Amino acid sequence: MTRQQAQGGSDTPATPAIVAEGLTKRFGELTAVDGLSLSVYPGEIFGLVGPDGAGKSTTLRMLATIMDPDGGIARIAGFDIKTEAAAVKDHLAYMSQRFGLYQDLTVAENIDFYADLYGMGRKGRRERVGELLDFSHMRPFIHRQAGKLSGGMKQKLQLVCALIHTPQVLLLDEPTNGVDPVSRRDFWRILHRLRAERVAILVSTAYLDEAERCDRVGLIDHGRLLATGTPDEIKRLMTGRIFAIRSARARQLVDPLRREPVVKSVNLFGAAVHVVTAGDATSEENIHDILAGKSLEYEEVREIQPSLEDIFVSLLGSGDTTGAADQDRPVPSQPLGTNGEIAVEVAHLTRRFGSFTAVDDIGFQVRRGEIFGFLGPNGAGKSTTIRMLCGLLGPTSGRGTVGGFDIMTRAEDIKRHIGYMSQKFSLYEDLTVTENINFYGGIYGLAGSRLADRREWALTMAGLTEHRTSPTAILSGGWKQRLALACAILHEPPIIFLDEPTSGVDPLSRRKFWDLIYSMADRGITVFVTTHYMEEAEYCDRIALIYGGRMIAAGSPLELKTEVMQDKIIDLRCPEPQTLIEPLKELPEIRDAALFGAGLHLVAADAELGMAAVRRLFADRGIAAAMETVMPSMEDVFISLIEAVDRQQGEESGKVQP
């Protein structure tokens, strides 16, 4: 976005709502933010992206006047953050990573509390609250306690509380961590409405597809801005070319391709491998020759345009020397139970809490050595299911086995023979890295030389050999994540449950984490994982989708995209896509429209009719656009199947009405 655009097309340059010049913050010998300078204009969304520990949260805390800078200056809405902090707070809303909600208060009571905190008078409050409840879709939950809301609802409620006094500047610190795709779309719809109301928004995010939706992006590492510009400008920093290789044996392509001199990096995306080559001279023919020379099976090779995540990994990934898991460690010699190749089996599993049914008659099987993805929106029943399978919660009815042990009668046996990594990393922050490993080793009955061997393995796997005496509290999110995984599998369990293990972790850490998961699966370990990050669903061998406590679909990612999903997806690239969502939704031929990366994904029963309707609309408005029918992403599948259930339930409820 140019300054003129930020001013709504005026030729007069806009005055920035956020200005930072040489902003610096030190913690002892660590420089967390190092001479950072940026500007954000009214009506602009600026995305701050970078690896864990890069300085994103520290930057936002300084701008919010929560933390004093050690150097540099910053102004919010024209007011100095050091000398005019009270005035800054009057023009600012700040949403931190940790919910600032009172769990035992209702939605309405939380909103009233923040209105009082901001000194908002009673006059006009009711209208403002009603407006915020309507545009956040929170009105039906106004009398529900905050502690009983899903993660996505809590995020929206916190945003409502922050906006009660209509700020000029909004600071958001990774606001959609742990939030399902449906809620994320709602959240960004709200942000774009605020953008239209000329609010200046600075948002840090671990989701690079969200950064594609920002007007400008700043890439930060070690407290310094490496690059700033529009998403398209940032993408031009990419050197080399990217090729997508589709293969039924995609996982087997990774290691051979990584050994090729022309290849800079290789990353697995479900049934496809993305290869970044070292030079622009590389062609599709070169890739075909490499694959043929190594006798690797594949179906298709095509060049693709880089995403912001590709840029992120390309610029920040080359210097990482994190240790890898011990690839040569043998498969556990004593597979659990007596079910042969079946590691987890569930039939008619149900769990009720009073009158509320959290898990409703679900069933599935997971094979040994399989990566099984368990997807669903916030509150769908994923974590409740995992707790039952791990022997932490008894089912109300139904049956199930984990490694051959009955979940109703042999819960203690299950606990001793599985690994479990919860949403909140189960680490003791006041203990050092080594002390956490020793603690979990003791729980699992490891001692002496056996514990010493496993401790060294864990430190190497987590990349923390040089930080063994560091307090866990100072570790970045990615390091904590790998340490938590190491502790969970210290005793070499043949089955591991991972409950949203990469929530809030940067793309580089996320990719390395999945390399570890692949190595475990290749050694026969069964991995059961829940996630809200839809790209990760592509990494799973099979997926089950749960909604409202019920299983609504299951299959491989490709099966869900090509066989289960009936809708067609149109990828649309056009200027200012967020302004066209509502007009496109009004077209009878278009079932849904939503931001997807830097463009839109349109859902239609008939792609040709849908594209024809869009062309007519754009011709009338004089809008230039590019469209094509594409294979659905897992996010498209996720939302389409959930909305299909909602439509069916709506039709059924309409039939029974008098």
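## Close-up views of a predicted model

**View 1. The largest nonpolar core holds 70 residues.** In it, I245, L257, V273, I371, L485, L498 and W514 touch the most other members. Helix 18 (residues 507-522) gives the most to this core, with seven residues. A second, separate core has 54 residues, including A162, W188, V217 and I234. A nonpolar core is a set of buried Ala, Val, Leu, Ile, Met, Phe, Trp, Tyr and Cys residues joined through side-chain atoms within 4.5 Å. Buried means under 20% relative accessible area, exposed over 50%, and partly exposed in between (1.4 Å probe, protein chains only). Helices (H or I, at least four residues) and strands (E, at least two) are DSSP runs, numbered from the N terminus.

This is a predicted model, in which local features need pLDDT of at least 70 and side-chain atom pairs count only at pLDDT 80 or more, while totals for chains, interfaces and linings use all residues. Residues are numbered from 1 along each chain as its sequence is written, and side-chain values use heavy atoms, with hydrogens and water left out.

**View 2. L485 is shown with its contacts.** Contact means heavy atoms within 4.5 Å. Neighbours within four places in sequence are set aside here. L485 is then in contact with M421, M461, I496, L498, F513, L516 and M520.

**View 3. I371 lies in strand 17 (residues 371-375).** Is I371 buried or exposed? I371 is buried, with a relative accessible area of 0%. Leaving aside neighbours within four places in sequence, I371 is in contact with R251, W514, I517, Y518, A521, V527, V529, Y539, C540, D541 and R542. Q97 is 274 residues apart from I371 along the chain, and their C-alpha atoms are separated by 30 Å.

**View 4. Helix 13 (residues 382-389) is mostly covered.** Seven of its eight residues are buried. They are K382, S383, T384, T385, I386, M388 and L389. G391 follows helix 13 and has a positive phi, near 80°.

**View 5. H222 and E492 each have a positive phi.** Most residues other than glycine have a negative phi. H222 is not a glycine, yet its phi is about 50°. Where does H222 lie? H222 is in the loop between strand 9 (216-221) and strand 10 (224-229). H222 is exposed, with a relative accessible area of 63%. E492 is not a glycine either, and its phi is about 55°. The loop that holds E492 runs between helix 17 (477-488) and strand 21 (495-499). E492 is partly exposed, at 22% relative accessible area.

View 6. With 658 residues, a compact globule would have a radius of gyration near 26 Å; the chain has 25 Å, which agrees. That radius is taken over C-alpha atoms, and the globule rule is 2.2 Å times the number of residues to the power 0.38. Of the 658 residues, 56% count as buried. Among contacts with a separation of 6 or more, 71% join residues 24 or more positions apart.
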